[in-house]
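Trainee: I have a protein model open and I'd like to learn how to read it. Can you walk me through some features?

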Amino acid sequence: MKRAGRLFLWSFVMLFVELALIRWTGERVLYLSFFSNFVLLGSFLGIGIGFLRAGRRHPISRYAPLALAVLIGFLMAFPVEVDRAGDELIYFGGFTRSGLSPWIILPILFLAVAAVLATIADGVAREFAKFAPLRAYRIDITGSIAGTLAFTGLAYVGTPPIVWGAVAAVLLLLLTSDATPVIRFAPLAALLVLLLLDSTSGAIWSPYYRIDVLEDPDRPEQVRINVNGIPHQTILPATVRLEQEPLYAAPYERNTGPGFERALVVGAGNGTDVAIALRNGVGSVDAVEIDPELVALGEQRNPDQPYEDSRVRVIVDDGRAFLRRADATYDLVLYALPDSLTLVSGQANLRLESYLFTEESLAEVHRVLEDDGVFAMYNLYREPWLVARLADMLETEFGVSPCVDLVGVERGLAMLIVSESPDRIDCSGAASIPASVTSPGTVTDDRPFLYLRGSLLPPVYALAVIAMFIVALAAVRLTGLRLGAMGPYMDLFFMGAAFLLLEVRTVAQFALLFGSTWLVNAMVFGGILVAVLAAIELAKMSRLPPPGVLYAALFVSLAVIWLVPTSALLGLAPLPRLLVGVAVAFTPVLLANIVFAQRFRDTASSTTAFGTNLLGAIIGGGLEYSALVVGYRVLALAVALLYALALISWRMIERRAPQPQLT
């Protein structure tokens, strides 16, 4: 095999395995719903180590099959799932988990992922070093794009993990032909057996979740749905649901006006709320659900067959995106327990429904309601302050206090109902929020963290990030790498930190502009990789301006994304919003990569430079959690500061470089 082909395939495997691990570990370890980027940053640590040790005599790439098999076996043996029956779960707790403590499994997972990616990156780096820096980078990025497209395609068609494992196993067998059969065939065989066991459990793999459908022989009318090991929904006949949970009928029973003619259900899931709406005489229902497999389960298993009713229109989309473009009006809008416990990506700390619970989103709900329309939302709100926050936001938007219905103190199932027309809802018998319970404040599109109570970083996050940095530093030292070797490339270190934060902001921006769907997320990451490739081509083919000019252009583009908040683009029509959004978001991405490519082109050791850049991304990953406190807009300033540090470091490195002697 030609050298370019080997580098392409190693890079393909590296990105493919990284994405597969992010997806697969998320369904095995519940805590990754809280610490969104631990697997990603473990990957960066491993890739950085792999590149920094590329000059050593003994390659470790031959151990990639073994490392991958050990990681898969460990998580198969010690999953962390929710040990609780039911179909409502709130993000921040209120459940019993099975498995190891987070302070045990997260460091192990972080290091195990780093070990897997270090072995693969060793193979990439050894091929990388055989080419000029920019040519190597171009081949690497091309392979990365191919790996990303391959995994995205397999995820889209719902393939199980055994397919992902088979792709990785075949390529690793091909690339590690110099290793002994014992460390090639045996681990990969074990890996495939483990993934086959995981894939034959009857699970359904949607673009967002692993979905398990659980039958109960004693209650044949009930079908439970778990997603990523979490009890999520229950399929029941509408009559049984209303008998067990009368709260579901509250929007209809408290309605004092005429029956609802047109309803919008956001988070329609398997269709139970739609069936209840039809049972209560609603004339037509728009049912919005982000996950196509949950809709398919509703079509197949819901005994009321609500999605087959001619009065129902099913829309598979992000709820906020649908609200934004809706041109119809409704006399009932229902948020039907949109609580996913699933992240948009391995970055940004965004969940699928984060942008549904902001003051801007409630304004869009208000816009699509008739003048006397009713808005209702329900969920398992285990903390009184959360109910108070939502009630306060509804009162601010609609000008009247909502009705609050509660079921029990321990379960905390609550329904909030509001209408701008004071005579439309009868609130008699509704619960009242104790005066001692105060709202912690509103939630905005810039800081869309409904379940974050305070204005400071929660201690558990701070401790986890500090522990991650300590573990990463220890891992670098224990592998015998000299941190001093990174000195000539400290500007690339800061670039790595800055670029990861820039990626985070771009992900958040596009999730708000176009929805939190898997397709939008895939397009963002694909666009970033294409921007990297375009920057490499420009650096190879063009005579670029001096670095100072490029940095100046980059700072101007960062000032633009600071001065033009994402909310300013929401009012644009779809096509102009796309064009302006891409121009504003991707201009700094492209310029940042041109700055990097120009600097990388002239590095003396491409593998050390690239490894240093990747280790810098770990710092950026830790700083990502600052968005929980300051919001996403301020990240533009953090990115600018890190690039300023990169510029200062580059100037200092240039001054220390040996000058040519005059004779």
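Mentor: Buried means under 20%, exposed over 50%, and partly exposed in between (1.4 Å probe, protein chains only). Keep in mind that this is a predicted model, where local features need pLDDT of at least 70, side-chain atom pairs count only at pLDDT 80 or more, and totals for chains, interfaces and linings use all residues. Residues are numbered from 1 along each chain as its sequence is written, and side-chain values use heavy atoms, with hydrogens and water left out.

Trainee: Which residue does the disulfide join to Cys 403?

Mentor: A disulfide is a covalent bond between the sulfur atoms of two cysteines; here we call it when the two sulfurs are within 2.5 Å. Cys 403 is joined to Cys 427, S to S 1.6 Å. Cys 403 sits in strand β12 (residues 403–407), and Cys 427 lies in the loop between β13 (413–419) and α15 (459–478), 24 residues apart. Those labels are DSSP runs numbered from the N terminus: helices are H or I with at least four residues, strands E with at least two.

Trainee: Is Cys 427 buried or partly exposed?

Mentor: Partly exposed, at 35% relative accessible area.

Trainee: Why is the disulfide left-handed?

Mentor: The torsion about the S-S bond is about -75°, so the disulfide is left-handed.

Trainee: In which sense do β11 and β13 pair?

Mentor: Strands pair if DSSP finds at least two bridges between them. β11 and β13 pair in the antiparallel sense, over seven bridges; Ala 376 has Ile 417 in β13 as its bridge partner.
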